[in-house]
Amino acid sequence: MGSSKKLSIAVLGSGKGSNFQSIADAIEAGTLNAEVVCVISDVEDAYILERAKKLGVPAHYISAAPFKTKLAGNAEQKYIETIKEAGTEIIALAGFMRIIKPDLLEAFSGRIINIHPSLLPSFPGLAGWTQALEHGSKVAGCTVHYVDAEMDAGPIIVQEAVPVLDDDTAETLHARIQVKEHVAYPEALQLIATDAIEILGRRVVKK
Ligand code: GRF
């Protein structure tokens, strides 16, 4: 890894935080040259905040009320402030269940990434694994991508595929996809940490 500067990551999540955990584990293992400088959740009792506290990572609950599905208005400004104060270089959305609006996008232009539980551009939106199962796909997976103004649509950094088995339920398929997520997210962040990739139009390529 050498002595190069660590990438400062802010992780935003609304749920159990297994992707945050995989990022923290990769840092601990030395395969990701980074530091999680803060974890922020819009859900007060989200387990991701517990995980952060256990790991000694600054953990913030910031309500996004009165909005239900977007991060906007005063709440968005509070997020931006907290993220900037932490010294963040990259925002990693990890199960953050809100649409990112222009103020945050502009404050961190080209520096927000997301993990989505499908092989985009198939099945954007909620529960990508359930959509794949119901569609009858034989292959499912996950995508780490840059975030832009459209939902689940920005340039793709890493994708990992898994088979869909005949006896899969939504739960078993999601679990199989999550195993890959936990590899793909640290891998994508390490590509950014080492300045190894660039965006050419819609394509993310090795420099
Ligand atoms: C993951 O499946 C991710 O792809 C999606 O939300 C889920 C978050 O899981 N965006 P976790 O909170 O990281 O365990």
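Modeller: Let's start where helix α2 stops: Gly56 follows α2, and its phi is positive, near 75 degrees. Helices here are DSSP runs of H or I with at least four residues, strands are runs of E with at least two, and both are numbered from the N terminus. The model is a predicted one, in which local features need pLDDT of at least 70 and side-chain atom pairs pLDDT 80 or more, while totals for chains, interfaces and linings use all residues. Residues are numbered from 1 along each chain as its sequence is written, and side-chain values use heavy atoms, leaving out hydrogens and water.

Now step back into the helix. α2 covers residues 47-55, and Glu50 belongs to it. Its inward-facing members are Ile48, Leu49, Arg51 and Ala52, which are buried (under 20% relative accessible area; exposed is over 50%, partly exposed in between, with a 1.4 Å probe and protein chains only). Looking down the axis of α2, you find these buried residues within an arc of 160 degrees, so they line one face of the helix; the arc is taken from the directions that run from the helix axis to the C-beta atoms. On the face turned away from that buried side sit the exposed residues Lys53 and Lys54. Glu50 counts as partly exposed because its relative accessibility is 37%. Glu50 also lies 9.1 Å from Gly17, C-alpha to C-alpha, although 33 residues separate the two in sequence.

What does the buried side of α2 pack against? Its partners are the strands β1 (7-12), β2 (34-41) and β3 (59-61), together with helix α1. Contact here means heavy atoms within 4.5 Å.

The axes of α1 and α2 are 9 Å apart, at an angle of about 20 degrees; axes are lines fitted to C-alpha atoms, for helices over the stretch in contact, and angles run from 0 to 180 degrees between N-to-C directions. α1 and α2 are therefore roughly parallel to each other (under 35 degrees; over 145 is roughly antiparallel, 65 to 115 roughly perpendicular, and the rest oblique). The residues that meet are Ser18, Phe20, Gln21 and Ala24 from α1, and Ile48, Arg51, Ala52 and Leu55 from α2. Sorted by class, this contact of α1 with α2 has five nonpolar, two polar and one charged residues. Nonpolar covers Ala, Val, Leu, Ile, Met, Phe, Trp, Tyr, Cys and Pro, charged covers Asp, Glu, Lys and Arg, and the others, Gly among them, are polar.

Back to the backbone, where we began. Most residues other than glycine have a negative phi, and most peptide bonds are trans. Helix α5 (residues 128-135) is followed by a glycine with positive phi too: Gly136, near 90 degrees. Ala127 is not a glycine, yet its phi is positive, about 45 degrees. You will find Ala127 in the loop between β7 and α5, and with 29% relative accessible area it is partly exposed. Asp195, in the loop between α6 and β10 (197-200), likewise has a positive phi, of about 55 degrees, without being a glycine. Finally, look for the cis peptide bond from Ala65 to Pro66, with omega near 10 degrees; Pro66 lies in the loop between β3 and β4 (70-71).
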